[in-house]
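Here are a few exercises to work through with the sequence and the 3D view side by side. Try each task before you read its solution.

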Amino acid sequence: MGREGDRGSPSGHAGASQLTISVCRSTVRTAAWTAAGVAVTLAVVLLLLPFSGTTLLQQLTAPSEAQSFADRCSKLPGFHGQLCSAYSQAVGEDKWAVASAWQQASPASYICAGLSMECLQQDLSSSAAGSSCTPLRDGSQCAANGKRCKRSFCGGKPAGSPVGQSEVQALLATLQQQQQQQRRQQEEDEATLAAGSVANSSTAMQLQTQQQQQQQQQQRDADAPVARMLGARWSYSQKYNLDKPIGAWPTATVSVSSGPLGKRVTDTFLATSHEYLRVGDYGDERIVSAWANIFKMLSPSPVVRVGGASQDKMTRVPGDSVWIALKKFRDATNCRFILGLPLFPKNSIGMSQKIMAQSRKYLGDSVIGYELGNEPEFWPNGLGGWGSDGKWKAGFEAYAQWFHKVALAINPCGSKKMLSGPGWGNVNTQPVSWLARILYQGKECYLRELNVHFYPYINNETVTATQLLSQPLQDFGVSKYKDYQRIGTKERLGIRISETNSLYGGGRPSLSDTLVGALWVADALFAFSDAGAVGFHLHWGIGGHPTEALGQPNTGVQTNYAYNVRPKEPPLPYPSVHAPWYGYLFWTIAAAGDYGRHADANFVPVWVQNRGRCSANMKIWALKADMGDLRMALLNKDEAHNCNVRLIVDPQYCKKAGILTRLLPGPEGIFSKGMITWQGQTYEGSGLTGKIQGSKAVQQLMPVKTKDGKRCKFEVPVPSASGAILAAKWSR
């Protein structure tokens, strides 16, 4: 996951009409964990750690003789000691997450604990607790400026932590009951992967029948309250009579031109991103058809990125069972892959070559590229690379040389360009010149495109819905991205946002997993497509876990698990649609006109003629399809304020009725998690099918001539916390 960076002055916004702006006043967090897995792993390990019984004074008067790693941890005060002990007790790849958190939260103790890249590599490959690292003695130099370790801290002073003790304890309380179950399930996962067991097709058919029977009673129990809530939702719509403008609401007038054409929408701009750990769930042949129903909504050939923190912390190549599952997923969805390759390990060349060989064997031409490294500035020991002498060297220059060395070894000059990088953790974390360096050293041989990540620069814990959806917050991110885009445009190399979502760290419950998340997704897709990005991959993390503990709140479709479906078979990983997914569908209809199609449109100009008294956080985007139709997207991101929107269009759209469809909230308004409808349809009651339910509800809207008779207008009431797409039909 990306972290926030420095804030800056919002810049102008192009390509859309913004009626009013909600100012974001949240402070910026100085550090954040690099993925949801960081928080989970750290919390689970810390759960077992008691506070040290020694006093702070006793701990700060540690002797200067050499200490074991465990002794060093016991003598560090407070959370510094907890982080050290957490690292010591973690096993294998779990140490990555704890090391990242420790380095960010207490760099002074981290350095003097002796966590060099060499011993960190050994620890990640070990199946035992403890550490091969040797703590630095007091008096040892720990920084280039001459600072020395004193009382186990570089410079002698314990630094404050952005990972507050109250935050850690709150997280521990949430995960306490899940820890043992998670460990048991992980052992089962590993056993299943080792066995490479895959159910046959006849078993899948029997399983489907049995599962349907098991679901019947649950569905009957749910029918009554669902019906009542559906009634509540429709009464929400009907009380406003959305068939015509509402007199009590203010009206804004917006002009939409059919030309000149602006940015072209990439045919598969909307895409997804997934960690390696549970990606095989999508290809479980017992349920792969349901996952196909999900992904095929986006495109006839959706693009799926597999990578993230899991690609750099891996110590072994994923086994055959993972590749077999990905092949089954590919066959069911016709998807294409961008696969993450490790750059952090010393043996990155060998591991990357093996991953590429496995992908060619199982996935063939469906792999369109490889992403080399992931968020290198957030690696446990920071940005750097392995030198020709086999030793780790810190800094950008060492990183650039290491990236180039690995890239040439796995994708030499003269072969098809397949790599992308550098995968910065956010669009403002590194200088533009550094991105240019990666571009210029690789564009002739191995770079097919550049890639970066994006997460809003906001405090995950305190941000409100109004702040997250505010225009200045989006403008700042887009402006930072455009600094990169100018380089790519100049050199004719695309830039992909290969990982993104509404909030870093997997999002926040009751915010990211509500209609707030859907509105953020829809608006961000328009904004970054208009800015020139070639792809926008919404990150789902691991999707879910059989413990039901690890599904990210901002995931569009989480992975849920059905238990005891058949004896001695693992839980069934089925799709569970969450609120953000409706933002994906909203964008898909605007960009492609229907589900399962490639995008076929360009942006066209939109500007506000008169705001009226509309105080809503209203956004209007417009796309012109290749066949001439105008698709106008209206997003009311305001929690409470309604608005009529008068859309003025060119005369070639005045002869035929427009088609209007709506995104409407559930009973909780903008904070609805369920009972959301898009085009009158919903995923409520979809069971294990992954299919949207109900019939489409569309409204025909006749244009009316403007007073001058030269153009015409459509008038659309847009309630708070809702969206609508009006497709104006072209005619000669």
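A residue counts as buried when its relative accessible area is under 20%, as exposed when it is over 50%, and as partly exposed in between (1.4 Å probe, protein chains only). This is a predicted model, in which local features need pLDDT of at least 70 and side-chain atom pairs count only at pLDDT 80 or more, while totals for chains, interfaces and linings use all residues. Residues are numbered from 1 along each chain as its sequence is written, and side-chain values use heavy atoms, with hydrogens and water left out.

**Exercise 1.** Find the partner of Cys 413 and work out which parts of the chain the pair links.

Step 1: look for a disulfide, here a pair of cysteine sulfur atoms within 2.5 Å. Cys 413 forms one with Cys 445, the sulfur atoms being 1.6 Å apart. By the same rule, the model has seven disulfides.

Step 2: check the handedness. The torsion about the S-S bond of Cys 413 and Cys 445 is about 80 degrees, so this disulfide is right-handed.

Step 3: Cys 413 sits in the loop between α15 (396–410) and β11 (419–424), and Cys 445 in the loop between α16 (432–442) and β12 (447–454), so-called distant parts of the chain, 32 residues apart.

Step 4: compare accessibility. Cys 445 is buried at 15%, whereas Cys 413 is partly exposed at 45%.

**Exercise 2.** Describe the disulfide that joins Cys 73 to Cys 84.

Step 1: the S to S distance is 1.9 Å. With -65 degrees about the S-S bond, this link is left-handed.

Step 2: Cys 73 belongs to helix α3 (residues 69–75) and Cys 84 to helix α4 (residues 78–89), so the bond ties together parts that are eleven residues apart in sequence.

Step 3: both ends can be checked in turn. Cys 73 is buried, at 4% relative accessible area, and Cys 84 is buried too, at 0%.

**Exercise 3.** Say which side chains make polar contacts with the side chain of Ser 273.

Step 1: locate the residue. Ser 273 lies in strand β5 (residues 270–274) and is buried, with 0% relative accessibility.

Step 2: search for polar contacts, meaning pairs of N or O atoms within 3.5 Å; within protein, one atom must be able to donate a hydrogen and the other to accept it, and residues adjacent in sequence count only if both atoms are side-chain atoms. The side chain of Ser 273 makes one with the side chain of Arg 305 at 2.7 Å and one with the side chain of His 539, also at 2.7 Å.

Step 3: Leaving aside neighbours within four places in sequence, the residues touching Ser 273 include Ser 498, Glu 499 and Trp 540.

**Exercise 4.** Trace the sheet that contains β5.

Step 1: two strands pair if DSSP finds at least two bridges between them.

Step 2: zoom in on one pair. β11 and β12 are parallel over five bridges, and Gly 421 stands opposite Leu 450 in β12.

Methods: Helix = DSSP H or I, 4+ residues; strand = E, 2+ residues; numbered from the N terminus. Contact = heavy atoms within 4.5 Å.
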